[in-house]
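Have the sequence and the structure open side by side as you read.

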Amino acid sequence: MDQPLHAQGDSAPARPAAVGVGPAAFVPRTRRVPPAQRASAVARLVAAVVVGLVMMFPLYWMVTLAFSPNADVFSRELRIWPSSWTLDNFRTVFGSFPTATWFGNSVVITAIVTVLTVSVNLLAGYAFAELDFRGKGAIFLLVLSTMMIPVQVLMVAQFRLVTELGIYGTFWAVILPSAASAFGIFLARQFIIAIPDELIEAAKVDGAGTLRIFLQIVLPLCRPLIAVLVLLTVMYQWNDFAWPLIALKDSQLFTLPIGLLYLRGQYGADYGAIMALALVSITPIIIMFLAFQKYFVQGLARSGIR
């Protein structure tokens, strides 16, 4: 009787045990992580957690004081948790001060400034990136050089400007000086330069003009950039304190950052109410950043900003 081919002798090669048909035959081998690399990853994770806790502690302390009674706020004992949760500080903020009016003023000013600033930055960035005109490089360097000038130095010139225009004491005194941003123009230019030139050249061949190319080709590709510009503008304008304090003189036109100043008395301060108003002020910014965080990171990465 003939022997099977695989049993004709001891010298026949053995088949690998892993050969087979089915999903189990394609399972990759697990790579063992070296102990040094594993320890480094654990150390980085611990460092990230510690840094995150340190950065989150001021926010936690703000929430704690906002919901704590005045006895806990002014107590000599260190309390990291309220003895009893209360809304008295929020009642003081909304009952004794026009907080709702200040909140509405901040929303109106921030919304108008954001629309104007983002529009101007996108148009200027497109001009510096794609259009050819005399002195483009020098003008762009001049725009960037304004980023080195402290904001406080420009306030005197801005005050004279809004006074001579007759808009001092109105919302436009705060809005118009913030209608453009040098950093926003730089960010828009860097992002638009990365757009393939073939798309724009193809649109020119089809007979599209400059404005049509911007609206139909460039603008739809700039969604991550728009998210970055909107977030940066909203955060800056919502928290701006110095210039609105100078440009506005009617308390009914004040914004929330200026309202925080009025919670401080001549001989003391109601820290619980201050923390409550500060919590009301930063909550919209936190919600907006968490909602658009993905687009914010993507826009910065595509703009070449590290």
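## α4 against α11

α4 passes α11 in a right-handed crossing, where handedness is called left-handed if the near helix is turned anticlockwise from the far one by less than a right angle, and right-handed if clockwise. Helix α4 covers residues 99–130 and helix α11 residues 223–239, and their axes come within 9 Å and cross at roughly 140 degrees. That makes α4 oblique to α11. For the angle classes, under 35 degrees is roughly parallel, over 145 roughly antiparallel, 65 to 115 roughly perpendicular and the rest oblique. Axes here are lines fitted to C-alpha atoms, for helices over the stretch in contact, with angles from 0 to 180 degrees between N-to-C directions.

On the α4 side, the residues meeting α11 are Phe-103, Ser-106, Val-107, Ile-109, Thr-110, Val-113, Thr-114, Thr-117, Val-118, Asn-121 and Leu-122. Their partners in α11 are Leu-225, Ile-226, Leu-229, Val-230, Thr-233, Val-234, Gln-237 and Trp-238 (contact means heavy atoms within 4.5 Å). Sorted by class, the contact of α4 with α11 has 12 nonpolar, seven polar and no charged residues. The classes go like this: Ala, Val, Leu, Ile, Met, Phe, Trp, Tyr, Cys and Pro are nonpolar, Asp, Glu, Lys and Arg are charged, and the others, Gly among them, are polar.

## The model overall

A word on what you're looking at: it's a predicted model, where local features need pLDDT of at least 70 and side-chain atom pairs count only at pLDDT 80 or more, while totals for chains, interfaces and linings use all residues. Residues are numbered from 1 along each chain as its sequence is written, and side-chain values use heavy atoms, with hydrogens and water left out.

The protein's secondary structure comes to 15 helices and zero strands (DSSP runs numbered from the N terminus, H or I of at least four residues for helices, E of at least two for strands). Of the 306 residues, 31% are buried, with buried meaning under 20% relative accessible area, exposed over 50% and partly exposed in between, for a 1.4 Å probe and protein chains only. Among contacts with a separation of 6 or more, 72% are between residues 24 or more positions apart.

## α11 on its own

The buried residues of α11 include Leu-225, Leu-229, Thr-233, Val-234, Gln-237 and Trp-238.

Helix α5 (residues 136–145) packs on helix α8 (residues 182–193) at about 135 degrees, their axes 8 Å apart. That makes α5 oblique to α8, and their crossing is left-handed. Phe-140, Val-143 and Leu-144 of α5 meet Ala-182, Ile-185, Phe-186 and Arg-189 of α8. By class, that's six nonpolar, no polar and one charged.

Ala-188 lies in α8 and is buried, with a relative accessible area of 0%. Leaving out residues up to four places away in sequence, Ala-188 touches Asn-121, Leu-122, Gly-125 and Leu-225. Ala-188 and Leu-225 are 37 residues apart in sequence, yet 6.9 Å apart in space, C-alpha to C-alpha.

## α3, α14 and Asn-89

The axes of α3 and helix α14 (residues 271–291) come within 8 Å and cross at roughly 75 degrees; the two are therefore roughly perpendicular. Asn-89, Phe-90, Thr-92, Val-93 and Phe-94 of α3 make this contact with Gly-272, Ala-273, Ala-276, Leu-277, Leu-279 and Val-280 of α14. These residues divide into eight nonpolar, three polar and no charged.

Asn-89 sits in helix α3 (residues 88–96) and is buried, at 3% relative accessible area. Beyond neighbours within four places in sequence, its contacts include Leu-65, Phe-67, Asn-70 and Asp-270.

## Phe-254 in its loop

Phe-254 is in the loop between α12 (242–247) and α13 (256–261), and at 4% relative accessibility it counts as buried. Leaving aside neighbours within four places in sequence, Phe-254 is in contact with Trp-102, Asn-105, Leu-248, Lys-249 and Tyr-262.
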